Amino acid sequence: MESLAEQVLQCPERLSYVLHEIINNAQAGPNREAMQYVIDLETLHDGLPQMEENSNPYERKTHNGITQFGLNFDDINDCGIQCRREVVKTCREPPSVIVFISFLLCYRVPIMMKGYSLMLAGYIYLGTGSPNDLMTLHNGSFLHPQWLRMDCVMDSALLDALMWTGIEVSLILYVVWQRWPSLCCRASPGAPGPLWWLSRAVNLAFSVVGGYFLRQHQAGHYKQKPWKCTQEESGQCKDGRDVWQTLKFALLYWAVRAFLYVAMNQKVMPIFIYGKIGRPVLSARCVRLWEDVKVGTAWLIMLGICIYIEVMWLFPMTAGLNASTTCGINMGEAFGFTLGIEQLPGVCTDPGARRTFGCAACVSTVAGAWCMVFLGSAVDIFLVFYVSSAVVGGVMGQNRRLNDLRNTTRPIDLHPNGREFMLFEATFGHNWTCVWATMVTSLEEEFLVGRDQAQKLSQAAGRKSIDLKQLPELAADRLGFFFHSLSWIEDEIRRMGAGGLRECSKLRLTSEHLDVGSILSLTQIIPCYSETVIPSAEYLRTGAKLEHAKNVSPPEQHGVGHPTLPPKGDGLNTNLAFMISQFPQEWAFLATHAYHQTWIPSDDTHELYDKFMGNDLPPDATMKVRMWAAMRMQSVAKTVIGALQYARALQSLPQVQRYYRTYFPDKRIAEEHAEVILAHQVFGHPGGNAENDDAVLLLLEHNAQYPLYLVFDVIWDDDENRSTKQPYLSKINAFLNEHHRNYSPGLFKHASAKCTWRDGGLCVVEVLPRKFPLRLGQGDFKTQGKAANQLNALRFATGHYLQTLDCNMGAFVGEAFKIPYVLWAKFMPPATAMEARSAPRCRYLGFREYIYTKRDGMVGSLHAASEWTFGTITQRFYDGLGIRMHYGHPDFVDGFWVRNRGGMSKSSPAVNLSEDIFAGYNVRMREEASPHI
C-alpha cells in the first residue's frame with residue numbers, strides 16, 4: 001500500500017485509516033481459504049487530484065462540486081485522524097499579518113513564562129534600595145512587601161488577567177476561523193475538542209472574573225509613597241496597609257493562575273499513531289521523569305540568569321525615569337488609579353503645555369527608554385540560551401571525548417604498544433592494517449598526499465610514528481580526526497560487548513568472529529536537481545576573459561528585471577587556474593601521477609596545465625583533471641564519491657569478502673549492506689541539462705564496482721518537450737515488456753525508475769508506475785521539489801537505515817569505517833530489551849558535517865566555523881534539553897520507521913520554509929528520540 005500511495009506516503013494517519021477500512025471490509029475468498037483485501041486506488045489517492053488541480057492554499061477552486069482552498073498534506077493527514085471517508089480542507093493557512101498573530105498565539109505559553117520572570121525581576125528590583133531612588137528604597141522585604149512592592153503584586157495580577165483575557169478571546173476567534181471545517185469532527189492535532197473548549201472557557205472566565213474582582217478590590221488600596229521616604233523609613237514613611245487585607249485577592253489570583261498555568265499546559269502524549277509498541281514500562285517512565293526534571297531545572301536556571309540581568313543591569317538604566325517624576329504628568333488619571341509615588345512638577349504639569357514640543361519630547365524619551373528595557377528583557381533569554389549552549393555543549397563534548405579532534409600537533413604513534421596502535425587494534429581488531437591500507441590508498445587517489453608520502457604512511461603501520469605536521473593540511477586534518485575520535489568508538493564497543501571478550505570481538509570489523517549479517521544495512525540518498533555533476537572541460541578552460549566576469553541573462557530572458565546567471569569566472573584566471581591557486585600542492589600530486597601514467601613527459605605542473613588547456617591530453621587524463629576539480633568544488637560527484645566510501649570500506653574487510661564469495665557470488669561486494677541512490681529530479685528530461693545527464697552516466701560507469709543507483713522521474717507524453725528522452729524510455733519499455741506480459745506503451749504516464757551500471761551500460765533494475773506527477777500543483781504553487789525527490793528515492797531504498805546528503809558534501813573512507821559502530825551503538829536496543837526491534841534507542845541520529853569551504857578563504861572559513869558551532873556544541877545542548885530537531889543532512893534515519901511515519905520531509909507548497917524540520921516535529925510529537933553525537 002505504501003508503494004502505491006505515491007505522495008500520500010507523507011500522510012501516515014490517512015494511510016492508517018485506509019488500511020483500517022481495507023481490513024474491516026475484507027471478505028473471504030470463494031473457497032474460504034484466504035481473506036481478500038482490496039485496495040481502492042481512488043480512495044488511497046484521494047486528495048492528490050485536488051492538489052494537482054489546486055495547491056494554492058489562498059485561492060478557492062471547485063472540485064467535484066466542492067469549493068474550497070487548495071489542499072496540502074496536513075489536510076489529507078487530518079482527514080485520516082478524523083476518519084473522514086473523503087478528503088476535504090480541514091485547516092486554513094494564515095495569510096499576511098495573521099501569520100504574526102498565529103506565531104504569538106502558538107507561543108503564548110513561553111511568552112507568558114518570560115513575562116512572569118520579568119514581573120518577578122521587577123518585584124525584586126523594587127527592593128534593591130538604590131541611593132536617592134524613591135522607587136527602590138524602603139519597599140519592604142521579599143516576603144513582607146510595602147509601598148511599591150505591594151502595588152507591584154496588585155498591578156501585575158490585574159495586568160495578567162487583562163493579557164489572558166485578550167489571549168483567550170484572540171485564540172478562540174483564530175481557531176474558529178482556521179479550523180472551522182474540523183469543529184464538528186473527531187479531534188485532530190490543532191483542532192479543538194471538548195477538553196480544549198472547556199480549558200478555554202475556564203481560563204477566560206477566570207481571567208474576566210478575576211480581573212473584575214481585582215479591580216474592584218484594589219481600587220481603594222493604593223497609597224502614594226511620600227518623597228521624604230528617600231531619607232527615612234519611620235513615621236509617614238511606614239506603610240500602614242495590612243499586607244494580607246491588601247493582597248489577599250491578588251495572592252489568591254496568583255495561586256489559581258499558577259495551578260491553571262501548569263494544569264492546562266502539561267506535556268501530554270499525542271493522539272498520533274504511537275511509534276513504539278505497548279506502553280512504556282515503569283523504568284522507562286522513571287527515566288522520562290528524570291529527563292523532564294533535568295530539562296525543567298536547566299530552563300529555570302536560564303530564567304534565573306535572565307532575572308539577574310534584568311535586576312542588575314536593565315532596570316537600573318531607568319532609575320528615576322518615569323512620566324510622573326520626570327515630565328510631571330499624572331499617568332494614573334488616564335487609567336483611573338492612584339500612582340505609587342507622588343507627582344513632581346515638570347514640562348507637562350500645565351494642561352496647556354501637554355501639546356508642546358518639550359512635553360512630547362520628554363514623554364517620548366521616557367517611553368523609548370522603557371521600550372528599550374522591555375525589548376532587552378524579551379531578547380536576553382536568547383543571549384543566555386546561546387551562552388549556555390556554548391558552555392554546556394562544550395562540557396558535553398569534553399565528557400564524550402569529542403573536543404580537540406582535529407589537533408594535528410600530536411604525533412600518531414603506530415609503534416607496537418603505542419597509543420594509536422592500541423586504539424586501532426582495540427577498535428578494528430588484529431587485522432587493522434587492511435583498514436589503514438584502504439585509508440592511505442584513498443588519500444593518494446584523491447591526491448591529498450603524494451606517491452612517496454603514501455608509501456611512507458603504508459610502511460608506518462606497526463613500525464613508526466607519523467608526524468602530521470609533515471603532511472598536507474587536509475590529509476593531516478583527516479588522519480588527526482580519525483585517530484583522536486577512536487577512543488569514543490572504543491568506549492562504545494566495550495559498552496556493547498559487556499558480555500566478555502568474545503562479544504567484543506564480534507563487534508570488531510576485521511575480527512575473524514565478525515558476524516557479517518549483523519552489519520546494519522544503510523541506504524544513502526542524494527537528491528539533486530540542476531547542480532553540476534562533473535565540471536566540463538569547457539568550464540574549466542573558461543573564466544579568464546573580462547566578459548566572463550559579468551553576469552549574464554538566461555536564454556530568452558534579457559532585459560531589466562529578469563534573473564541573471566552567475567559569472568563564468570573572475571575575468572583574470574581560468575576556473576581551473578583559480579582552483580590550482582587554492583590547492584597547488586594537490587595539483588602537483590596530480591602532475592606526478594600524470595607523469596607516471598605517461599600522459600605528460602615530465603611532472604611539471606605547468607606542462608599538465610598547458611596540455612589540458614590545449615586539449616592535448618588523452619581522454620583518461622582529461623577525465624582525471626575534471627574529477628580532480630570536481631572533488632574541490634561543490635559538485636554532485638564529490639557527494640556521490642563521498643557516500644560510496646562506506647561501500648568501499650566494507651569491501652576491504654576480509655570477512656565481508658568471504659561472506660559475499662560464499663553466499664552472493666553474483667552480487668557486488670557489500671551490495672546487501674550499502675546502497676547509494678542518486679535521486680536526479682530532471683535526469684533525461686528535455687528541460688534538464690544534457691551535459692549533466694552525460695556526467696551522471698560517466699559517474700555510474702566509473703563507479704560500477706560499487707552499489708550506486710540512479711533514481712529518476714519518467715514521463716510518457718506525446719509532446720517530446722515534456723516526455724523523457726527516447727533512449728531512456730526505450731530501456732524502461734523493454735524492462736516492462738520483459739517483466740510484465742500485459743504491459744503496453746501508454747498504459748501509464750508517470751513512473752519512477754531505478755537503474756545502475758551493468759554490463760557496460762545503463763541497466764533498469766526496478767520501475768514503479770505512478771498516477772500523478774512527481775510535483776503536484778500548478779504554476780508557482782507546486783509541491784516542494786527536493787522533498788518530492790527524496791520521497792521518490794525513499795520508495796526504492798532497501799537499507800534498514802537511511803542517510804540523506806546534499807550536493808555539497810564529501811567524506812573520508814576512514815570515517816566510513818566507523819559507521820557500523822555508530823549504528824550499533826546509537827540505534828540498536830540493548831541486548832536485554834524485551835521489545836527488541838520495536839524499541840530502538842532513537843529514530844534520527846544527528847552529527848556534524850565537515851564544511852570543506854574552510855580552505856577557501858576568510859568567508860569560507862567563517863561559514864565553516866558557524867557550522868562547526870551549530871553542528872557540535874549547539875546541537876548537543878539541544879539534545880540535552882530534548883529539543884533537537886532533524887534539520888536535514890546528514891542525519892542517520894531509522895528507515896523502517898520513516899517509511900510509515902510520513903517520510904523525511906514534507907513537500908506541501910507555499911507554507912513550508914524548511915521541508916526537513918517537519919520530520920523533526922514528527923519525531924518529537926511521537927515521543928521518539930533524536931539525539932546528537
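**Entry 1**

I began with a term: two strands count as paired if DSSP finds at least two bridges between them. I also noted for myself that this model is predicted. With that in hand, I looked up the hairpin of S3 and S4, which has 2 residues between the strands. Asn64 there takes a positive phi near 55°.

**Entry 1: the open sheet**

Next I turned to an open sheet of 8 strands. I wrote down its order as S11-S10-S9-S8-S7-S12-S14-S13, and its pairing is mixed. Which strands sit at the edges? They are S11 and strand S13 (844-845), each of which pairs on one side only.

I then walked along part of the sheet. Strand S8 (residues 674-680) pairs with S9 in the parallel sense, over 5 bridges. In that pairing, His680 stands opposite Phe712 in S9. Helix H30 (residues 726-739) packs on the sheet and touches S9, S10 and S11, and its direction makes about 70° with that of S11.

From S9 (residues 708-715) I moved to S10, where the pairing is antiparallel over 6 bridges. Asp713 has its bridge partner in S10, namely Ser752. On to strand S11 (residues 761-770): 9 bridges join S10 to S11, and these two run antiparallel. Arg758 stands opposite Gly761 in S11. S10 and S11 make a hairpin with 2 residues between them, and Asp759 in the turn has a positive phi of about 55°.

Is S10 mostly buried or exposed? I found that 8 of the 9 residues of S10 (residues 750-758) are buried, so the strand is largely enclosed by the rest of the structure.

H33 lies across strand S7 (522-528), strand S12 (801-804), S13 and strand S14 (892-894), running at about 45° to S14.

**Entry 2: the nonpolar cores**

I looked up the largest nonpolar core and found 110 residues in it. Phe424, Phe428, Trp436 and Met439 have the most contacts inside this core. Helix H18 (residues 473-484) gives the largest share, 7 residues. There is also a second, separate core of 38 residues, which includes Val18, Leu71, Phe73 and Val711. A general note I kept beside this: in soluble globular proteins, nonpolar side chains tend to be buried together.

Leaving out residues up to four places away in sequence, Phe424 touches several residues, among them Leu414, Trp432, Trp436, Met439, Phe482, Phe483 and Leu486.

Thr438 sits in helix H16 (residues 433-445). Its relative accessibility is 11%, so Thr438 counts as buried, the cut-off being under 20%. What does its side chain meet? A polar atom of the Thr438 side chain lies 2.9 Å from the backbone oxygen of Cys434. A polar contact of 3.5 Å also joins the side chains of Thr438 and Ser652. Not counting residues up to four places away in sequence, Thr438 touches Arg648, Ser652, Val813 and Phe817.

My other threonine was Thr325, in helix H12 (residues 323-327). Thr325 is buried, with a relative accessible area of 14%. Leaving aside neighbours within four places in sequence, I found Thr325 in contact with Trp227, Gly320, Ile341, Glu342 and Leu344.

**Entry 3: helices**

At what angle do H23 and H24 cross? The axes of helix H23 (residues 584-596) and helix H24 (residues 605-613) come within 9 Å and cross at roughly 80°. H23 and H24 are therefore roughly perpendicular to each other, as angles of 65 to 115 degrees count that way. On the H23 side I listed Trp587, Ala588, Leu590, Ala591 and Ala594, which meet Thr605, Leu608 and Tyr609 in H24.

I found 9 of its 10 residues buried, so H31 is largely enclosed by the rest of the structure. The buried residues of H31 include Gly785, Asn789, Gln790, Asn792 and Leu794. Gln784 caps the N-terminal end of H31, with a side-chain oxygen 3.0 Å from the backbone nitrogen of Lys786.

Technical notes: Residues numbered from 1 in each chain as written. Heavy atoms only, no water. Buried < 20%, exposed > 50% of the residue type's maximum accessible area, 1.4 Å probe, protein only. Helix = DSSP H or I, 4+ residues; strand = E, 2+ residues; numbered from the N terminus. Core = buried A, V, L, I, M, F, W, Y, C linked by side-chain atoms within 4.5 Å. Contact = heavy atoms within 4.5 Å. Polar contact = N/O pair within 3.5 Å; in protein donor to acceptor, adjacent residues only side chain to side chain. Axes fitted to C-alpha atoms, helices over the stretch in contact; angles between N-to-C directions. Parallel < 35°, antiparallel > 145°, perpendicular 65-115°, else oblique.
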